[in-house]
Amino acid sequence: MHADPIGVLTGAHFIDGDHACSEGAIAAGCRFVAGYPITPSTEVVERIAERFPFVGGVFIQMEDEIASSIAIQGAVWGGKKAMTVTSGPGFSLMMEHIGLAAMTETPCVFVDVQRAGPSTGLPTMPAQGDMMQARWGSHGDYQIIAIVPNSPQECFDLTVHAFNLSERYRVPVMMMMDECVGHMIERVVIPSADKIEVHNRKVYDGPKESYRAFETGRDLIPSMVKAGDGYRIHVTGLTHDEKGYPDMSVSAQGKLVQRLMDKIRIHADDIVMYKEEDVEGADVVVVSFGITSRTAIPAIEQARAKGLKVGHLRLVVVWPFPEKRIRELAGKVKSIVVPELNMGQIVYEVERCAAGKCNVVSVPHAGGTVHQPKDILAAIEKSLRGT
Amino acid sequence: MPEELYDIETTIPSNPIEEFLRMDRMPHIWCPGCGIGTTVNCFVRALQTSGLDLDKVAVVSGIGCTGRVAGYMNLDSFHTTHGRAIPFATGLKLANPGLKVVVYSGDGDLTAIGGNHFIHAARRNMDLTVILINNMIYGMTGGQAAPTTPVGATASTTPHGNFEETFNLPFLAESCGAVYVARWTAHHVRHLTKSIKEALAKKGFSFVEILAPCPTLYSRRNKLGDGLDQMEFYRDNSEIKNGADTKSVTLDFQGKITVGKFVDKERPTYIEAMNQHYQKKFGDRYVPSDEIRKLSHAQE
Ligand code: SF4
């Protein structure tokens with residue numbers, strides 16, 4: 001499927017990441033957005049509010065983030081593609097509904113333009129402190145997909161991709177932007193609608209009697225219907241059977257939660273996305289994501305100028321984590337350096353996958369601005385000491 | 001027995017409400033004497049005569065004893081999170097405005113944790129029918145105090161008696177902009193059925209509060225007898241006052257209960273207001289969603 005041309009502003013634009021994210025959502029076919037104002041994400045919904053009356057969309061500013069994060073799910077069961085947009089404090093309020101979306105397999109997109117926390121923190125300044133929250137923030141066991149763009153262009157491209165993944169796997173997808181990427185103005189090229197690939201959820205249109213809302217084939221992804229189609233579906237956040245009916249048994253819980261985990265795990269190779277540069281033959285690999293991938297570049301160049309063999313792996317999809325690739329690299333390199341605008345989150349995943357096979361060095365930062373390249377350079381040099 | 005109770009035919013082979021229920025989920029979880037089932041019966045009877053296409057009716061519940069209603073209705077039904085039935089229903093309605101969206105939930109769910117959503121949906125005149133079962137207690141979690149627990153009543157979290165003022169829900173709903181507001185008890189099955197039918201037919205935010213006995217947790221702890229005793233209490237202490245000033249309908253512990261239809265007025269729904277606004281502002285440039293376009297054509 002290709003994008004509906006009505007929503008696509010084909011051409012070159014000079015816009016910030018927040019606005020590019022709005023355009024990506026529209027191109028992806030998102031026609032329902034619920035949001036609540038919060039810096040630094042508000043520009044996303046402001047642009048949506050501006051554009052939606054002309055593309056057949058409905059935007060509603062809800063009374064809070066809790067309401068926004070479930071209004072979108074009502075809209076999805078009404079047949080729309082939907083998203084909500086927020087930043088740290090609002091993201092915290094949305095956690096319960098990320099769990100609901102995971103449990104009810106409601107495809108939807110949550111955009112978090114990260115700012116420095118905890119609590120109100122530094123509302124107008126960048127951080128990448130919500131990375132673990134995106135993965136683990138709601139109670140219980142479940143899987144989500146999280147994507148981290150590093151430029152306004154990627155805010156467009158990857159928002160389209162976020163919708164596509166969420167529709168394909170019926171899972172909430174997090175767009176983990178940050179204040180820098182959200183407010184950075186760069187050239188963004190929007191292709192023509194026929195060049196934008198758009199995926200839609202699998203729809204069941206078989207006989208009503210035999211429809212079982214959460215029955216799956218080998219792909220572990222159930223087909224969806226919408227309210228009003230006559231299937232008389234039941235959707236609940238309780239543990240449920242294949243019909244969607246509550247089932248309070250240990251076996252139903254085991255079966256459902258296992259499938260919710262497995263449906264992402266078995267497709268992980270298709271979902272995982274990273275970009276590598278000069279990784280083959282490197283002694284050190286810098287693993288970065290989002291804005292930090294850009295501050296890492298001068299540090300890497302300076303290290304190379306000093307004769308060090310440094311590669312760069314940028315995580316584009318952070319969750320699911322590229323376990324295989326990091327394991328493989330850990331067996332080949334001397335060290336992995338992980339700069340991130342938090343006090344050390346993704347470094348835990350890297351350490352887990354490296355499993356002691358190479359040095360892993362964290363370059364933490366509490367947020368508020370970006371790293372100084374010299375700090376990343378120092379970490380690169382330090383990581384080789386004693387190897 | 002008053003004539004109004006003789007509505008149910010006794011000679012038919014199966015219960016006529018069965019087709020409205022997910023019979024494969026019976027028996028339900030409600031206690032003997034609980035009033036929720038009675039209200040479901042009235043809801044079904046209202047649906048039966050409403051002329052609505054049942055494939056286009058969706059029920060959304062939150063969490064709690066009443067929150068289980070969605071799971072028993074043989075309709076598109078959504079059992080959401082605690083307090084959030086209204087915002088879910090809001091999204092559902094805006095995405096698919098051809099649906100009649102009914103929110104069916106309890107007093108704690110809709111007015112404590114969900115209170116913010118309740119007032120804003122009423123303010124927006126979101127096209128929802130909200131049926132609120134008020135048993136003056138949190139049932140599912142074991143009888144804790146709710147915003148509706150009367151002063152003087154005892155709950156597990158007010159073991160020495162409740163001293164917090166309660167919500168007067170019809171007044172709250174009216175002040176926030178609901179276009180239809182009624183209150184009945186589980187005893188008033190005929191009136192209640194009629195009221196739900198009117199609420200379903202109403203465009204905009206319609207609200208029906210139903211007092212229903214919770215014999216297991218509210219009545220027992222407050223030494224009010226069983227479900228039947230509570231129904232008798234409703235019968236003997238209710239006063240029908242249609243059009244009553246909602247300010248005057250506060251509920252006291254075992255005091256007089258004012259029931260009736262208090263508000264029935266018109267104002268544009270959220271979708272109507274949005275459509276009119278954009279049409280006026282942008283003319284042909286305005287592109288409503290396919291569903292909203294179809295609906296407004298059908299209404300023209
Ligand atoms: S606890 Fe109370 S409200 Fe809940 S089912 Fe029992 S009687 Fe009804």
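This is a predicted model: local features need pLDDT of at least 70, side-chain atom pairs count only at pLDDT 80 or more; totals for chains, interfaces and linings use all residues.
1. Residues are numbered from 1 along each chain as its sequence is written, chains are lettered from A and ligands numbered from 1 in the order in which they are written, and side-chain values use heavy atoms, leaving out hydrogens and water.

2. Over all chains, the whole structure holds 13 aromatic pairs. One of them is the tilted pair of A:W77 and B:F78, with 6.0 Å from centre to centre and 55° between the planes. This pair crosses between chains, from helix α3 (residues 65-77) of chain A to strand β2 (residues 76-79) of chain B. Helices (H or I, at least four residues) and strands (E, at least two) are DSSP runs, numbered from the N terminus. Both A:W77 and B:F78 are buried, meaning under 20% relative accessible area (1.4 Å probe, protein chains only).

3. Next, look at B:F118 and B:F205: their ring centres are 5.6 Å apart and their planes meet at 85°, so the pair is edge-to-face. It links distant parts of the chain, 87 residues apart, with B:F118 in helix α5 (residues 115-124) and B:F205 in the loop between α7 (189-201) and β6 (206-211) of chain B. B:F118 is buried at a relative accessible area of 0%, and B:F205 is buried at 0% as well.

4. Charges also sit over rings (NZ of Lys or CZ of Arg within 6 Å of the ring centre and within 35 degrees of the ring normal). The charged end of A:R135 is 3.9 Å from the ring centre of A:W136, and A:K208 lies over the face of A:Y231 at 5.9 Å from the ring centre.

5. Finally, what surrounds A:S22 beyond its neighbours within four places in sequence? A:S22 belongs to helix α1 (residues 17-28) of chain A and is buried, with a relative accessible area of 0%. Beyond those neighbours, A:S22 is in contact (heavy atoms within 4.5 Å) with A:E43, A:V44, A:R47 and A:I48.

How values were computed. Buried means under 20% relative accessible area, exposed over 50%, partly exposed in between (1.4 Å probe, protein chains only). Rings of Phe, Tyr and Trp (its six-membered ring) pair if their centres lie within 6.5 Å; planes under 30 degrees apart count as stacked, over 60 as edge-to-face and the rest as tilted.
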